[in-house]
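Thanks for coming. I will go through one structure, starting with its charged side chains.

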Amino acid sequence: MIDTELNFAILPFGTGNDLYAGLYGKRSVKDQIDHIFKGKTSETDAIYIPELDLYTMNILSFGADANVVFQANDFKEKNKFLQKYAYMASIPKALQAGTAFYIDLTARKDGAELKLMERPYILTALCNGTMYGGGFQINPYGQVNDGLLELVYVQTMPMRKIWTFLYKFFTGNHEDLEKLRSVPCDEVVYTSKDGSPMIINYDGEIYQLPTFTCQVKKHAYKRII
């Protein structure tokens, strides 16, 4: 659909409806079908990953949250009737793999490099949309057509503070967290510390790369509004 005349819309019949909720709120299926037939569209941004020649519509992430998605995919395979709860159920197992990730992050806006907090991080999510993981409102005020991305990243913290953080994270009330930053940008480069592949979540799909680049693709596709 990128750079074509095709129009994009979602009917929320599955369990992973975060992109739908971020774009359309609580709009019913019936109302969504009405909007589809009306045909009004808006040009919408995407995230481009040149190393894979892939586009991400919503959110990509590295760190504990990407490990949760990795574990959740395994959970879904083993628990066909509990897929709605896969993300939440996978958090404890994912945290066992660690909460400190030593990666190099480089963020830019209009060609200028931005100053970031020092590593290690517990998560580093790059957002065009607003939520992921079954309702985690990581970027509650995000705009999908402003030509910018939001790099949301958190310095690692003691395990005893993780669950309070996750609760605030889930409800979208995490802006006051001391170790969290939200940075508007148009390009981010992720590089592993030792050249080993990193587990990356792109809209729920898992890839492993030692380094990758994320760039905003402004007005990449047309979306039913």
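K217 is partly exposed at 25% relative accessible area, where buried means under 20%, exposed over 50% and partly exposed in between, with a 1.4 Å probe and protein chains only. Before going on: this is a predicted model, in which local features need pLDDT of at least 70 and side-chain atom pairs count only at pLDDT 80 or more, while totals for chains, interfaces and linings use all residues. Residues are numbered from 1 along each chain as its sequence is written, and side-chain values use heavy atoms, with hydrogens and water left out.

What does K217 form a salt bridge with? The partner is D3, and the closest N and O atoms are 3.3 Å apart. A salt bridge here is a side-chain nitrogen of Lys or Arg within 4 Å of a carboxyl oxygen of Asp or Glu. K217 sits in strand β13 (residues 211–224) and D3 in the segment before β1 (7–8), 214 residues apart. Helices (H or I, at least four residues) and strands (E, at least two) are DSSP runs, numbered from the N terminus. D3 counts as exposed, at 54%.

A second salt bridge joins E5 and K222, at 2.9 Å from N to O. This pair also links distant parts of the chain: E5 is in the segment before β1, K222 in strand β13, and 217 residues separate them. E5 is exposed, at 64%, whereas K222 is partly exposed, at 24%.

The next pair is R119 and D104, whose side chains meet at 2.8 Å, N to O.
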